[in-house]
Amino acid sequence: MEAIYLIGFMGSGKTTVSQELAKKLEVAVYDTDQEIVKLAGKTINEIFSIDGEEKFRELESKVLYSLPLKDAVVSTGGGIIGSEKNRAFLSGKMNVVFLNAEFSIIMERLKDDDTRPLLSTNNIEAAETLYNSRIPFYREAAFIEIDTSCKSVSIIVNEIIQRM
Ligand code: S3P
């Protein structure tokens, strides 16, 4: 099986869905953020505050290209589509799934989260601008789009499998 890549904004459900999907398909699961943390030996917040976003993006691309291309589900960070090279890497593949959720639902899901340096619930306008600016890039890179706003994880997993 070709690796399945889940893309989408923070809080769209990529991590949770990737775990259930991989379990159902009996393949390995990877999360680019977790791989970056392992590689850097620092948390995402530390990488952003100590090394800067540019360094984080460098590590993110490195991780993306190094993960297995077969028998895997890969959950990607929300900003993975910011790089043209990453978009080209993803859009050349059939199994790229864009998990999309309404902005208000994302903000509700992440209201108590302090692990995402680019998302501040105190600056909703900036977060919404970032969300709106990224949607076309997710669409450009993905083969399948699924609205995860009001669906259970098992429904989303089944929908991905059916549409593959
Ligand atoms: C980011 C999303 C995060 C993480 C980092 C930057 C982004 O991943 O990679 O905080 O730019 O959208 P999730 O999408 O898994 O939250």
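**Entry 1: the ligand shell.** I looked up the shell around the ligand by class and found 4 nonpolar, 4 polar and 3 charged residues. Here Ala, Val, Leu, Ile, Met, Phe, Trp, Tyr, Cys and Pro count as nonpolar, Asp, Glu, Lys and Arg as charged, and the others, Gly among them, as polar. I note that this is a predicted model, in which local features need pLDDT of at least 70 and side-chain atom pairs count only at pLDDT 80 or more, while totals for chains, interfaces and linings use all residues. Residues are numbered from 1 along each chain as its sequence is written. The residues around the ligand include Lys 14, Thr 15, Asp 33 and Arg 116; a residue is near a molecule if its C-beta atom, placed from the backbone, lies within 6 Å of it.

**Entry 2: Thr 15.** I found Thr 15 in helix H1 (residues 14-25); helices (H or I, at least four residues) and strands (E, at least two) are DSSP runs, numbered from the N terminus. Leaving aside neighbours within four places in sequence, I found Thr 15 in contact (C-beta atoms, placed from the backbone, within 7 Å) with Asp 31 and Ser 75.

**Entry 3: the sheet.** I traced an open sheet of 5 strands with parallel pairing, in the order E2-E3-E1-E4-E5; strands pair if DSSP finds at least two bridges between them. The edge strands are E2 (28-31) and E5 (144-147). E2 pairs with E3 (residues 72-75) over 4 bridges.

Terms used
Contact = placed C-beta atoms within 7 Å.
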